[in-house]
Amino acid sequence: MKYLDEYRDPDLAQRLFAEIRRITTRPWAIMEVCGGQTHSIIRNGIDQLLPEAIELIHGPGCPVCVTPLEIIDKALAIASRPNVIFCSFGDMLRVPGSAKDLFRVKSEGGDVRVVYSPLDAVRLAQQHPDREVVFFGIGFETTAPANAMAVLQAHRLGLRNFSMLVSHVLVPPAISAIMESPTNRVQGFLAAGHVCSVMGTWQYRPLVERYHVPIVVTGFEPLDVLEGIRRVVLQLEAGRAELDNAYERAVRPEGNVAAQQVLSEVFEVTDRAWRGIGVIPQSGWRLRNAYRAYDAEARFAVGDIQTRESPICRSGEVLQGMLKPNQCPAFGKECTPRTPLGATMVSSEGACAAYYQYGRFIKAEEVGVAR
Amino acid sequence: MCLGIPGQVKEIYDMNGIRMGKVDFNGIVKDVCLAYLPDITVGDYTIVHVGFAITRLDEQSALETLALFQSIGLLDEELRSNAAEEEAA
Ligand code: SF4
């Protein structure tokens with residue numbers, strides 16, 4: 001595939017590894033914000049092949065992992081209703097709520113359906129005018145344009161039986177929260193490339209200035225990740241803090257303006273609780289008043305929700321980069337992708353799942369990018 | 001869900017007033033919403049998230065980045081061979 005294989009070239013990867021080794025003189029802690037990058041890093045053994053001085057801290061950018069437990073429980077309650085067709089992206093089905101998951105609701109007779117695109121849920125609402133179709137609208141700035149378009153489309157079609165359970169999260173406020181945490185160790189960021197494809201790079205300039213921290217917009221293929229790391233290290237070694245774009249083929253400084261227009265038409269900024277982390281001010285999107293008719297939370301009174309997290313799971317520490325997944329006592333024992341205790345073990349973008357899938361018991365030489 | 005993948009636009013059509021397209025992901029063709037890329041044309045590459053094309057892949061910068069990677073290695077090799085020559089001398 002064009003634009004994929006070229007960015008997986010092992011010889012070029014070797015050159016980048018060598019170059020990073022050459023320019024690194026001191027220890028540095030760099031956070032990859034996005035779960036897609038975490039996946040790529042673990043899959044290709046990049047963290048193990050880097051000089052020891054460089055530590056990659058896995059960030060909270062896994063949408064499935066940070067969707068608040070309360071929202072998961074609401075989803076479970078709505079999906080259990082007899083007249084509801086509950087539509088979701090596939091990786092939400094195994095996410096543990098307080099008592100069960102969507103998969104369990106489905107096996108108990110709930111009409112839970114996995115869709116590829118939120119527009120599929122709109123189509124279902126058209127086909128089933130006698131049923132309530134609810135879409136689980138979660139994710140970062142990358143999935144938000146799709147979800148916003150689904151709401152607009154339902155509105156255009158005059159569908160009264162379509163609604164969305166919205167729990168969107170935003171990257172820049174999460175970076176602020178990380179930098180302001182008293183335990184923060186992060187000295188530089190790989191910003192999530194596809195989030196910037198939508199939102200542009202300009203949102204990150206104030207963060208670079210306020211926290212004097214290098215932020216490099218980075219892609220997902222092994223060479224993209226290595227180039228992002230190289231550029232962060234170059235800045236750190238020189239004592240510079242700048243906004244840089246190492247993913248120019250997919251990210252324009254202004255982002256996708258058409259998508260931003262629809263986003264601001266449909267959504268407004270709100271405080272949001274992040275699972276395992278807590279409330280981050282102004283860190284999410286909810287439906288604007290004009291579209292409140294499509295808000296599943298308003299449409300279905302789901303009553304008092306008493307949330308209960310697994311007492312064993314330490315995903316909050318994992319999501320904040322304080323604990324590596326395989327340092328959790330339950331990792332690979334009580335907790336596996338088949339029996340996940342936390343959301344970070346469910347999605348392929350979750351750090352625990354990535355560590356499990358790529359057997360972080362195996363030596364670096366045996367994984368991914370060839371030596 | 002967040003793992004966007006590159007694909008090539010093969011066909012553009014309209015569905016209920018929404019700009020849609022057939023996008024080829026290494027042999028697998030899917031229907032993708034192109035509403036957010038009003039300028040994209042058949043043959044262009046794009047990155048798709050949950051059925052929506054969110055950005056066009058720019059061939060020029062893709063090639064420039066690859067050229068940069070090539071030069072990084074070469075520069076390093078040159079430095080090393082220079083150093084080796086100096087040592088030998
Ligand atoms: S390994 Fe399982 S129990 Fe431990 S932090 Fe990860 S998800 Fe939670």
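**Entry 1: ground rules**

I am working with a predicted model, in which local features need pLDDT of at least 70 and side-chain atom pairs count only at pLDDT 80 or more, while totals for chains, interfaces and linings use all residues. Residues are numbered from 1 along each chain as its sequence is written, chains are lettered from A and ligands numbered from 1 in the order in which they are written, and side-chain values use heavy atoms, with hydrogens and water left out.

**Entry 2: strands of chain B**

I noted the terms: strands are DSSP runs of E with at least two residues, numbered from the N terminus, and two strands pair if DSSP finds at least two bridges between them. Strands of a sheet pair through backbone hydrogen bonds, either parallel or antiparallel.

I followed β1(B), residues 5–15, to β2(B), residues 18–25, and found 7 bridges in the antiparallel sense. The hairpin of β1(B) and β2(B) has 2 residues between the strands, and B:N16 takes a positive phi near 50 degrees there. I then traced β1(B) to β4(B), residues 45–49, where 4 bridges join antiparallel strands. In β4(B), B:I47 is the residue opposite B:P6.

**Entry 3: two sheets in chain A**

I read off an open sheet of 5 strands with parallel pairing, in the order β2-β1-β7-β8-β9 of chain A. At its edges stand β2 (54–61) and β9 (243–245) of chain A; each has a single partner strand, so one side of each is left without a neighbour in the sheet. Direction ignored, neighbouring strands of this sheet are turned by 25 degrees against each other on average; the angles are taken between axes, which are lines fitted to C-alpha atoms, and run from 0 to 180 degrees between N-to-C directions. Between β8(A), residues 215–218, and β9(A) I found 3 bridges and a parallel run. A:V217 has A:N245 of β9(A) as its bridge partner.

I also read off an open sheet of 6 strands with mixed pairing, in the order β4-β3-β5-β6-β11-β10 of chain A. Its edge strands, β4 (111–114) and β10 (267–274) of chain A, each pair on one side only. I found 7 bridges between β10(A) and β11(A), residues 278–287, in the antiparallel sense. There the bridge partner of A:A273 is A:V279 in β11(A).

**Entry 4: cavities and the ligand**

A cavity is a set of points on a 1 Å grid over the protein atoms alone where a 1.4 Å probe fits but cannot get out, and its lining residues have an atom within 4 Å of a point. Grid points are joined across faces, edges and corners, and a volume is the space filled by probe spheres set on the points.

How many cavities of 30 Å³ or more does a search of the whole structure find? I got 4. Of its 13 lining residues, A:C313, A:R314, A:C328, A:C335 and A:C352 are the closest to the centre.

The space taken by the ligand is this largest cavity; a molecule sits in a cavity if more than half of its atoms lie within 2 Å of its grid points. The residues around the ligand include A:S315, A:F331, A:T344 and A:M345, each with a heavy atom within 4 Å.

The second largest cavity has a volume of about 40 Å³. Among the residues that line this second cavity I listed A:I57, A:H58, A:K324 and A:A351.

Conventions
1 Å grid on protein atoms, 1.4 Å probe; cavity = no way out; pocket = protein on both sides within 12 Å on 5 of 7 lines; lining within 4 Å.
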